[in-house]
Structure formats: C-alpha cells, structure tokens
Amino acid sequence: MSGAINDATSPSALSDKSAKIFVAGHRGLVGSAIVRKLQALGFTNLVLRGHAELDLTRQNDVESFFAVEKPQFVILAAAKVGGIHANNTYPADFIAVNLQIQTNVIDASYRFGVKKLLFLGSSCIYPKFAPQPIPESALLTGPLEPTNEWYAIAKIAGIKMCQAYRIQYNWDAISGMPTNLYGPHDNFHPENSHVLPALMRRFHEAKVKGAKEVVVWGSGSPLREFLHVDDLADGVVFLMENYSGLEHVNVGSGKEVTIKELAELVKEVVGFEGELVWDSSKPDGTPRKLMDSSKLAGLGWTPKISLKDGLVDTYKWYLENVKQ
C-alpha cells in the first residue's frame, strides 16, 4: 500500500486565500521567503510564532498551540542549522532539537486535523558517495557525510515520519528536499556561513578596505548547485497545490557552477576591483554535488531566478541589513 492520496477529486490544497496556514520557522532564510511568497499571493490568515512565543521542542506547548489555533495547513521550515564546525561541536543539539521539533509538529498537525503538511529537509540527507545528479531513490543507499550526520539523521527521520503517517493514517504529509539555498536573511557570519554568503562578505569587506586581493581556499574546480530562496518558496507553494505522494521531492535549480565561476560572479556583483587568488594547498571538498530535480520538473515546476539576478538581489539585502 503506497498510502498515496488521489488529489484528482479534491480542490487545490491552497485554493482558499483565507485558509489558516502555520509557517513554522518564519524568521529563518526559508521560512521568511515562504511567508513573503504566501503574502504576495494574497493569503491573509498566516499563523506565525517566534521562538520566544512558541518553543517547538516542547510537546505540551506545541499541542496547546494547535488546540487553540487549529491551522488547516502546515509548512515546517523550522530547524536547527549550522555548518561543519557547529555540527562537530554540538552534535547532541543537532539531532535532539531537530527530532523534537519535527516529531512535535508533525504529530500535533495530524492529531489536530491539519489537512496537509509539507516538511522541508536538506540535500545532506543523501549518502556521501551518492550518484550525481542525486535522485530521490539514493536515500538510505550508503553512509552519510560524517560531518553533518546528526542533522541528516534527524531530517531522514522527518521524511520517514511523514511517510509513516501517510501509510498508517492516509494523511497528506509530503516532504521537499532543497539544494544549497541563498538569498535575503542568509547567514553572513564570518566564521560559520556557507560558501556563497561567505564569499559575498569577504569581497564586500575587501572592497571597503581597498584590499588588493582576496584569497579563496582550494582550486575553484568543485561543482555546486544554488537555488534562490524565493524560487524555493515558489516550489513549496507548487508542491502544496500539486503534489500528494509518498516519496520526498528534490527541489533544485538543475544548474551547476564551479566555485571559481561563483567567486568571479560574486566579485563582479559586489564590485571588488582587486585580484582573486586561489590557495590550491587548501582542500576542495566534494568534487560535485547536484540534485536530480527531474521529478519536480515533470510535475511542471522550474525555477525562474538566474544566479546573477539572485546575487544582485542578495547583495542589495546584505547592504541594507548586515552591520558593516
């Protein structure tokens, strides 16, 4: 039994603009983009709670919230996230907090009558040596990347929990797995940000100081995939309206760029006039990481924001919002 629900007979999940939608994690990179997208589409009944108002790791608090608010739809974008250093330093936090958030929200959503839930994961759920591009079927076919396995195990459990509730209760819970994301509200911290915001900050600071060069680790040859978070938000709404199945769905751009091409593009967008120097004595990381998003493309969705346009938009946000 697949537990799949036939949506052909039911109206679009988000056809009612006054439907009550709980976006969990609405202040983060992903959640804030989803809120912007829903508001732009005319949704008027979004339920939003900051951590101070609702701690999603506390089961009683989550159940009380659902009992009172009774949202019709839930988009679960709340998670504890961080880079390699954070995952290595706080492994207990990464597995426990994420398992608590997911378990509390998914279970309460089912028990308090939510019509449909979308759980968001990450491309790190896939094995370290998964085939490239990575299809959905690669899940659980090999060992994970050890540096973030605590987070990945929690996210895999979230996918499986959605599947289990679909199979046992015939409940409409789906999962989307985004590729590397960037955009407004990204983390530009000098020590623990991801490659794209880290490059943007470094080029900006070099420009401000009038530096002659920026040194970047590695050869610049690894291939990576990036998706603007507003495209992800568009994909999330598309999945809520058009997908109801057991398997999780990859959400990627399908476009690869070398780290060298990325760095040169960020340098151009920021307007840094100095030299870009590659320190090839430093490690490169995985040579290629690309998700196979053909399943989502087959459903009729493709991203719309080019990397160049997305970088311009992100740099504008950085200048307006990040303390210089």
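1. Let's start inside the protein: at 0% relative accessibility, Phe66 counts as buried (buried means under 20% relative accessible area, exposed over 50%, partly exposed in between, with a 1.4 Å probe and protein chains only). Phe22 counts as buried too, at 1% relative accessibility.

2. A word on what you're looking at. This is a predicted model, where local features need pLDDT of at least 70, side-chain atom pairs count only at pLDDT 80 or more, and totals for chains, interfaces and linings use all residues. Residues are numbered from 1 along each chain as its sequence is written, and side-chain values use heavy atoms, with hydrogens and water left out.

3. How confident is the predictor? The mean pLDDT of the protein is 94, and 96% of its residues reach 70 or more (pLDDT is the predictor's confidence in each residue, from 0 to 100). Over residues 1–11, though, the pLDDT is below 50, and this stretch has 18 contacts in the model beyond near neighbours in sequence (a contact means heavy atoms within 4.5 Å).

4. A search of the whole structure finds 12 aromatic pairs (rings of Phe, Tyr and Trp, using the six-membered ring of Trp, pair if their centres lie within 6.5 Å; planes under 30 degrees apart count as stacked, over 60 as edge-to-face and the rest as tilted). One of them joins Phe22 and Phe66 edge-to-face, at 5.9 Å centre to centre with 85° between the planes. The partners sit 44 residues apart, Phe22 in strand S1 and Phe66 in helix H2 (helices, H or I with at least four residues, and strands, E with at least two, are DSSP runs numbered from the N terminus).

5. Now compare the rings of Phe203 and Phe272: their centres are 5.7 Å apart and their planes lie at 40°, so this pair is tilted. Phe203 belongs to helix H6 (residues 195–209), while Phe272 is in the loop between helix H8 (259–270) and strand S11 (275–279), 69 residues away. Both Phe203 and Phe272 are buried. Elsewhere, Tyr110, Tyr165, Tyr169 and Trp171 make up one aromatic cluster.

6. Which residues have the most contacts inside the largest nonpolar core? They are Phe22, Leu56, Phe66, Leu76, Val105, Leu117 and Tyr126, in a core of 39 residues (a nonpolar core is a set of buried Ala, Val, Leu, Ile, Met, Phe, Trp, Tyr and Cys residues joined through side-chain atoms within 4.5 Å). Elements giving two or more residues to this core include strand S1 (21–24), helix H2 (59–69) and helix H5 (149–169). H5 supplies the largest share, seven residues. Another core, of 34 residues, lies apart from it, with Leu38, Phe43, Leu232 and Met240 among them.

7. Have a look at Ser32 in helix H1 (residues 29–40). Ser32 counts as buried because its relative accessibility is 7%. A polar atom of the Ser32 side chain lies 2.6 Å from the backbone oxygen of Gly28. Not counting residues up to four places away in sequence, Ser32 touches Gly25, His26, Arg27 and His185.

8. Finally, find Trp278 in strand S11. Trp278 is buried, with a relative accessible area of 19%. Leaving aside neighbours within four places in sequence, the residues in contact with Trp278 include Val216, Trp217, Ile259 and Ala263.

Definitions and conventions: Polar contact = N/O pair within 3.5 Å; in protein donor to acceptor, adjacent residues only side chain to side chain.
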